[in-house]
Amino acid sequence: MSHRFIPARRRVLTAAAGSAVLGSAPAFLRPAFAQGKDFKIGFFIALSGPAALFGPTQRACADLAAEKINKAGGIMGRPVKLLFTDAGGPPAETAKSAVRLMLEDKVDLFIGSHDSATREANIATIKAKVPYIYSPVYEGGECSPNVYCLGETPPQQAQPSIEFLSKEKKAKTFHLIGDDYVWPRKVNEQVKKFVAQAGGKVVGEEYVPFGAPNKFEEAVTRIKAGNPDAVVQTLVGADNVNFNRTFAGFGLDKSIARLSLLLEENTLMGIGAENSANLHSCMGYFANNPSEAAKQFKAEYTARYGDKAPQLATIGVDCYAALNFAKALFDKAKSADSKKLMAASEGVAFEGPSGRLVMHGRQVDKDMYLAECKGTDFHVIKTIKDVKSGTACKA
């Protein structure tokens, strides 16, 4: 998932500080499996900050999965207890929370649906002592020990989308715009390769401060002057909303195709029906997915929460998938040992909101859905089966 730009040195110092606290703790305080009856999961979601709009869906989907798992006997015969923790602030604060959850709550597992800067800080702090499932869309390449990634990667999202824009929209020139931090920059390294493979050319590339109070007039003016065939966006939340509103306000939505790599239902509603023409997204889940599994999941979700249910979106349903993966992984490994868990993860199958998923190389290959925006709805125009993650980690 997208994440704020944190200088590398600061990330290392932050993680080192958290690790030092953990490393100096007495042995009897360190994490131990099966202490107490509950199977405790430290669950990091955005309860504050720019990504807080995802929080209600994240929590609702996680609670739904936990209820179903507990009705089926829990994980390794123990009832699941979710300890929700805010991951919407600075990575250093979340890393401190990870230490507290390990030492005081003695959690058996971490699940994170948050930005990648926070993931990096948490991994450096946890040091594989507790398994860590990272669930949202991200830049790929994460192979730290005892870490399991479920989210869409650039080969799954960007590559088929660039091919579509090149073939169906006849796009030859591309402008890239993203927030100024690691996810957009790493993703765009791969986007440029996909554009070149499709015979296209990147004619502009720029990054803006994450969450800055700007309305993107200057950026859109530059894009208008360059007149590319397509714009690829790695903007998040409010930045995504503001850019696309401004883009349409300049009248460019009719002549220039747009692809957003983090566009789901909540963000699209913010952009508005009048600003979504010629706008595309490619995700492993949309609320109106045509798959039977997605329809069944939506029915269960609606039955559980009623008309006031938080809007379903890929950032949220990833929490549901993460809990199902956790049950499948631990029940298969029958152990909390990191080596046994990593070995058991290969080929493990579990239920996601769009259907059955299988883990390979501690990443997930999945069906992808390419959609065009119609007002504030996603119209799936292409289903791409079993797209590989592009990352293969050793057990």
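Student: Which residue of S13 stands opposite His-280?

Tutor: In this predicted model, Glu-372 is the residue of S13 that stands opposite His-280. Residues are numbered from 1 along each chain as its sequence is written, and side-chain values use heavy atoms, with hydrogens and water left out. Since the model is predicted, local features need pLDDT of at least 70 and side-chain atom pairs count only at pLDDT 80 or more, while totals for chains, interfaces and linings use all residues.

Student: How do you know that strand S10 and S13 pair?

Tutor: Two strands pair if DSSP finds at least two bridges between them, and strand S10 (residues 279-283) is joined to S13 by 4 bridges, the two running antiparallel. The strand names come from DSSP runs numbered from the N terminus (E, at least two residues, for strands; H or I, at least four, for helices).

Student: What joins S13 to strand S14?

Tutor: S13 and strand S14 (residues 377-387) run antiparallel and are joined by 8 bridges. Along this pairing Met-368 stands opposite Ile-384 in S14, and Tyr-369 stands opposite Thr-383. The hairpin of S13 and S14 also has 2 residues between the strands, and here Gly-375 takes a positive phi near 65°.

Student: Why is S13 described as largely enclosed by the rest of the structure?

Tutor: A residue is buried under 20% relative accessible area, exposed over 50% and partly exposed in between (1.4 Å probe, protein chains only). In S13, 10 of the 12 residues are buried, so the strand is largely enclosed by the rest of the structure.

Student: Is Arg-362 buried or exposed, and where is it found?

Tutor: Arg-362 is found in the loop between strand S12 (355-360) and strand S13 (363-374), and with 3% relative accessibility it counts as buried. Its phi is near 60°, a positive value in a residue other than glycine. Most residues other than glycine have a negative phi.

Student: Is Lys-334 buried or exposed?

Tutor: Lys-334 has a relative accessible area of 65%, which means that it is exposed. The residue lies in the loop between helix H11 (314-333) and helix H12 (338-345), and its phi, near 55°, is positive although Lys-334 is not a glycine.

Student: What makes Ile-111 count as buried?

Tutor: Ile-111 lies in strand S3 (residues 109-112), and its relative accessibility is 0%, so it counts as buried. If contact means heavy atoms within 4.5 Å, and residues up to four places away in sequence are not counted, Ile-111 touches residues including Phe-43, Phe-44, Tyr-132 and Leu-323.

Student: In what order do the 5 strands of the open sheet stand, and why does one side of S2 and of S5 lack a neighbour?

Tutor: The order is S2-S1-S3-S4-S5, with parallel pairing. Strand S2 (80-86) and strand S5 (147-149) stand at the edges with a single partner strand each, so one side of each has no neighbour in the sheet. From one strand to the next the twist averages 20°. Strand S1 (residues 39-45) pairs with S2 in the parallel sense over 7 bridges, and Thr-85 in S2 is the bridge partner of Phe-44. Helix H2 (residues 55-71) packs on the sheet, touching S1 and S2, and its direction makes about 165° with that of S2.

Student: How do you know that H2 and H10 are roughly perpendicular?

Tutor: Axes are lines fitted to C-alpha atoms, for helices over the stretch in contact, with angles from 0 to 180 degrees between N-to-C directions. Angles under 35 degrees count as roughly parallel, over 145 as roughly antiparallel, 65 to 115 as roughly perpendicular and the rest as oblique. The axes of H2 and helix H10 (residues 292-305) come within 11 Å and cross at roughly 95°, and the two helices are therefore roughly perpendicular to each other. Among the residues that make the contact are Leu-64 and Glu-67 of H2 and Phe-297 and Arg-304 of H10.
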